[in-house]
Amino acid sequence: MRREYINTLERVDIWNAKYQQRKKFKNRFIGELGLKDQFKLPKDEESEPSWPCVPRKRSYLSTACNILSLPNYSYARFPEIIDWSTGNIIVVGLGNNYHMFSWQSQRLTGHGVTGSKINCCKFNPRGDVLLIGTNANFVELHDETLVKSSPNAYCKCATVGHDICTITSIDWSPTGNSFVVGCSQGAVSAFDQFGLHCSRWKDKGRSDIIAVRVSPDARYVAVASMKSAVVHLLLWPSLQYYSNVDVDDSYVKSVVWHPWRSALLGVGVAVSDYRTIVIMWDTPSNKLHTDLATYYKYNLDCMLFSHRTGEMVLSLWDPARSVQHPKASTQLFVISDPTTVVDQSGDGRGDVDRVQTMVFSPDGTKLATATADEDLLIWNFLPEDKTKKKVTKSRRFSTMPVYMDLTTQGFVLR
């Protein structure tokens, strides 16, 4: 009877709150009766963890008292117009202006103006330079004084075709010495920290690039296009083609690197029948993990890894609930592996509008989410540290590539 009861609990829906409580009771039940060893798989049958993680012991996710307004954010075609710097400054790009908000002092610290409408923006790893992608074919670099610090860096695809492209996605190298740009014509370009063009790669599909992500070891660039089933992997910074992964009849919604691994990529996939699948791809070995995270009746909007705990945060939209409650149809789920939910927003209910993008605070205790309801919500993700820890600027994954660049060329490209 004990065996039958335990086995039935393994097949329940993990997204329902009462079943999560029942699963916790099952684990305690096994421990109290001393049956843990009987239900444990042998070492040769145990599967390798999908990603490294230190899961939380209790629930912390809750909304803070801070809700900032984002006028006209719902009209943004590309939602990556929010970032949180290492100096605890939140930047928001709206139209041709961007605004700086200090989380420490809880007030606006400045405004800046660009030459064209802002599509995406991101601070460099040191937090002293802001990279801005516009709806024209160039990016701008602004320093701490909110002044453009170098000439515009132009996407080279404009010289090939007749249409002027739009900058749709950007990312910095972990060293801060270079950055990558994706545009609406399917081109990916690499630039140094001064905006000088280094290399370029062109997607044959010529569709909008929705994500370009440089790996923590500064060796690869993951590229995803709009409504495409393929994630391309390029070498950094030469942008030579390396590999790809195809998700067949689905399309990629999000790609994100795990911060604790040199090149472990998480790929969020949306299926036509409202299913979400998360695939983990070990890019150096070109190996896909067999344990897939599959969530039924939910559609993925965005996902992110916590650099503090290694947990994955998923923003899942419930299309069935959106019919009756269009402004409260999304939940945030914190998972430690493909089948374990360690935290979530609300208690089995959707409570916010669709989350378009997410960023963590420098210490990893806060989570900022921008919703389609034009709100910037700040969440308590972890308890704040009572003692201030020394923040190191170590980039251990990118140390070897930087050394190789200096040895072979005398300067660092990536």
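Predicted model: local features only at pLDDT ≥ 70, side-chain atom pairs only at ≥ 80, totals over all residues.
A residue counts as buried when its relative accessible area is under 20%, as exposed when that area is over 50%, and as partly exposed in between.

**Stop 1: the loop between β16 and β17**

Select Leu 239, which sits in the loop between β16 and β17. Its relative accessibility is 3%, so Leu 239 is classed as buried. Now look at the backbone: phi of Leu 239 is near 60 degrees, a positive value in a residue other than glycine.

Stay in this loop and select Pro 237, which lies between β16 (230-235) and β17. Show the backbone of Trp 236 as well. The peptide bond that runs from Trp 236 to Pro 237 is cis, and its omega is near 5 degrees.

**Stop 2: another positive phi**

Go to Asn 72, in the loop between β1 (62-69) and β2 (82-84). Is Asn 72 buried or exposed? With a relative accessible area of 53%, Asn 72 is exposed. Phi of Asn 72 is near 65 degrees, again a positive value in a residue that is not glycine.

**Stop 3: aromatic pairs**

Next, show the side chains of Phe, Tyr and Trp. How many aromatic pairs does the structure hold? There are ten. Two of them are visited here.

Select Tyr 220 and Tyr 242 to see a tilted pair, with 5.3 Å from centre to centre and 50 degrees between the planes. This pair links distant parts of the chain: Tyr 220 belongs to strand β15 (residues 220-225) and Tyr 242 to strand β17 (residues 241-246), and the two residues are 22 apart. Tyr 220 has a relative accessible area of 9% and is therefore buried. Tyr 242, at 36% relative accessibility, is partly exposed.

Then select Tyr 298 and Phe 333. Here the arrangement is edge-to-face, with the centres 5.9 Å apart and the planes at 80 degrees. Tyr 298 is buried, at a relative accessible area of 13%. Phe 333 is buried too, and its value is 0%.

**Stop 4: an arginine over a ring**

Select Arg 354 together with Trp 317. Arg 354 lies over the face of Trp 317, at 3.8 Å from the ring centre. For another example, select Arg 56, which lies over the face of Phe 381 at 4.3 Å from the ring centre.

**Stop 5: a sheet of four strands**

Switch to the cartoon view and find strands β10 to β13. They make up an open sheet in the order β10-β11-β12-β13, and the pairing is antiparallel. Which are the edge strands? They are β10 (167-172) and β13 (197-202), each of which pairs on one side only. On average, neighbouring strands of this sheet are turned by 20 degrees against each other, direction ignored.

Zoom in on strand β12 (residues 187-192), which runs antiparallel to β13 and is joined to it by five bridges. Select Val 188: its bridge partner in β13 is Trp 201.

**Last stop: an aromatic cluster**

Finish by selecting Trp 172, Phe 179 and Phe 191, which form one aromatic cluster.

How values were computed: Residues numbered from 1 in each chain as written. Heavy atoms only, no water. Phe/Tyr/Trp six-rings, centres within 6.5 Å; stacked < 30°, edge-to-face > 60°. Buried < 20%, exposed > 50% of the residue type's maximum accessible area, 1.4 Å probe, protein only. Lys NZ or Arg CZ within 6 Å of the ring centre and 35° of its normal. Pairing = 2+ DSSP bridges. Axes fitted to C-alpha atoms, helices over the stretch in contact; angles between N-to-C directions.
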